[in-house]
Amino acid sequence: MAEPAEELLDRLFALRRALRRRSERPEELSRLTGAQLELVRLLRRRPGTSVGDAAAELGLAPNTVSRLVGSLTREGVVVRTVDDADRRAARLELAAAVRHRVEAWRDRRTEALRSALDELDPASRRQIVDALPALDRLTALVENR
């Protein structure tokens, strides 16, 4: 048996791969880089985020996020609007059509996972739910290294 860190990585990767297979990425997102997809996911969760807030959340330099926003804006994925409170700042959100497709994509993956969880026996399902706080703590520790 491999060490626990390798086992965890393998299982997380296998789960993500299985979910990706169950729900194909929207065409608008099929050409995007990993960093661009992370920004799209962030804007799905937090529409109206600023470049600075997105940079902090993603652990990227603000100028890197600005470049990502520029390319995604040119492709019609992201819409940049002026912040009413601070005219120098921009607020970012997904274009309406893209948001709809991203939400549907997320819904399909969530439903596939929900359905699989429902098929587990109650004890296994409870073990997974009980492990979520520990996974949150583990994520925080990895991010702070």
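A salt bridge here is a side-chain nitrogen of Lys or Arg within 4 Å of a carboxyl oxygen of Asp or Glu. By that rule, the count comes to eight salt bridges.

Some ground rules. This is a predicted model, where local features need pLDDT of at least 70, side-chain atom pairs count only at pLDDT 80 or more, and totals for chains, interfaces and linings use all residues. Residues are numbered from 1 along each chain as its sequence is written, and side-chain values use heavy atoms, with hydrogens and water left out.

Two more terms. Helices are DSSP runs of H or I with at least four residues, strands are runs of E with at least two, and both are numbered from the N terminus. For accessibility, buried means under 20% relative accessible area, exposed means over 50%, and partly exposed is in between, with a 1.4 Å probe and protein chains only.

Now the pairs. Start in helix H1, residues 4-22. Glu-7 and Arg-11 form a salt bridge, 2.2 Å from N to O. They sit four residues apart, so about one helical turn separates them. Glu-7 is buried at 16%. Arg-11 is exposed at 52%.

Next, helix H6, residues 122-143. Asp-130 and Arg-126 pair there, with their closest N and O atoms 3.0 Å apart. Again the spacing is four residues, about one turn of the helix. Both ends are partly exposed: Asp-130 at 48%, Arg-126 at 47%. Separately, salt bridges with shared partners join Arg-44, Arg-99 and Glu-103 into one network.

Which pair links distant parts of the chain? Arg-45 and Glu-57, with a salt bridge of 4.0 Å, N to O. Arg-45 is in helix H2 and Glu-57 is in helix H3, residues 51-58, and the two are 12 residues apart. Arg-45 is partly exposed at 44%, and Glu-57 is partly exposed at 41%.

On to packing. Helix H2, residues 34-45, packs against helix H4, residues 62-74. The angle is about 80°, and the axes are 10 Å apart. Axes are lines fitted to C-alpha atoms, for helices over the stretch in contact, and angles run from 0 to 180 degrees between N-to-C directions. H2 and H4 are therefore roughly perpendicular; that label covers 65 to 115 degrees, with under 35 roughly parallel, over 145 roughly antiparallel and the rest oblique.

Which residues meet? Ala-35, Gln-36, Leu-39 and Val-40 in H2 meet Leu-68, Val-69, Ser-71 and Leu-72 in H4. Contact means heavy atoms within 4.5 Å. By class, the H2 and H4 contact has six nonpolar, two polar and no charged residues.

Note on methods: Ala, Val, Leu, Ile, Met, Phe, Trp, Tyr, Cys and Pro count as nonpolar, Asp, Glu, Lys and Arg as charged, and the others, Gly among them, as polar.
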